[in-house]
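Here are a few exercises to work through with the model open beside you. Try each task first, then follow the solution step by step.

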Amino acid sequence: MTDIQIEAQCSTGVSRQAIEQALVAAGKDLGHLRPADLALLEDFHTMGRIATAQLAGLAEITPGDEVLDAGSGIGGTARYVAKHSRCHVVAVDLTEEYCDRTMAQPACRA
Ligand SMILES: C[S@@+](CC[C@H](N)C(=O)[O-])C[C@H]1O[C@@H](n2cnc3c(N)ncnc32)[C@H](O)[C@@H]1O
């Protein structure tokens, strides 16, 4: 699968447009999103935040560590690890819309 195919696939499931529509339907102001507004999208993998917490614990990350979250989505796992392990995390994702500041940045203001 090529990078373009991956981005196309990821951009058609939980797309930015679908996310924004759901947020508006829930009464959220897209111009003033808070971290909690994106909570349900933060852990876009099997078992969600439960798995994030368990795997982060197993990794035994310490405050001095540098962590790379490759394929970070909108960055929920990266923010969780940075907050709970008090370490520096770099998050990268192939899907451009997930890296858009208006999508990823609100949750960075935790
Ligand atoms: C199932 S989502 C998981 C997102 C995030 N890790 C989470 O758990 O919430 C997989 C992500 O990996 C990204 N991805 C897939 N292949 C990639 C690659 N080669 N480099 C960077 N990101 C990639 C996709 O764009 C997608 O956002």
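**Exercise 1.** In which loop does Arg-86 lie?

*Solution.* Start with the ground rules: this is a predicted model, in which local features need pLDDT of at least 70, side-chain atom pairs count only at pLDDT 80 or more, and totals for chains, interfaces and linings use all residues. Residues are numbered from 1 along each chain as its sequence is written, and side-chain values use heavy atoms, with hydrogens and water left out.

Step 1: Arg-86 sits in the loop between helix H4 (76–85) and strand E2 (88–92); helices (H or I, at least four residues) and strands (E, at least two) are DSSP runs, numbered from the N terminus.

Step 2: look at the backbone. Just after H4, Arg-86 takes a positive phi of about 50°. Most residues other than glycine have a negative phi.

Step 3: check the cover. Arg-86 has a relative accessible area of 60%, so the residue is exposed (buried means under 20% relative accessible area, exposed over 50%, partly exposed in between, with a 1.4 Å probe and protein chains only). In H4 itself, the buried residues are Gly-76, Ala-78, Arg-79, Tyr-80, Val-81 and Ser-85.

**Exercise 2.** Is Glu-60 buried or exposed?

*Solution.* Step 1: find Glu-60 in the loop between helix H3 (48–59) and E1.

Step 1: Glu-60 counts as exposed because its relative accessibility is 64%.

Step 2: read the backbone here too. Phi of Glu-60 is positive, near 50°.

**Exercise 3.** Which residues make the nonpolar surface patch of about 250 Å²?

*Solution.* Step 1: the patch is made by Leu-68, Val-90 and Val-92. Areas come from the Shrake-Rupley method with a 1.4 Å probe, and for residues only the protein chains shown count as cover.

Step 1: With a relative accessible area of 57%, Leu-68 is exposed.

**Exercise 4.** How far is a backbone N or O atom of Phe-44 from an oxygen atom of the ligand?

*Solution.* Step 1: for Phe-44 the distance is 2.7 Å.

Step 1: turn to Gly-71, where a polar backbone atom is 2.7 Å from a nitrogen atom of the ligand.

Step 2: finish with the areas. Taken alone, the ligand exposes 600 Å², and the protein buries 69% of that.

Methods:
Patch = residues over 30% accessible without salt bridge, like charges linked within 9 Å, V, L, I, M, F, W, Y side chains within 5 Å. Salt bridge = Lys/Arg side-chain N within 4 Å of Asp/Glu carboxyl O. Polar contact = N/O pair within 3.5 Å; in protein donor to acceptor, adjacent residues only side chain to side chain.
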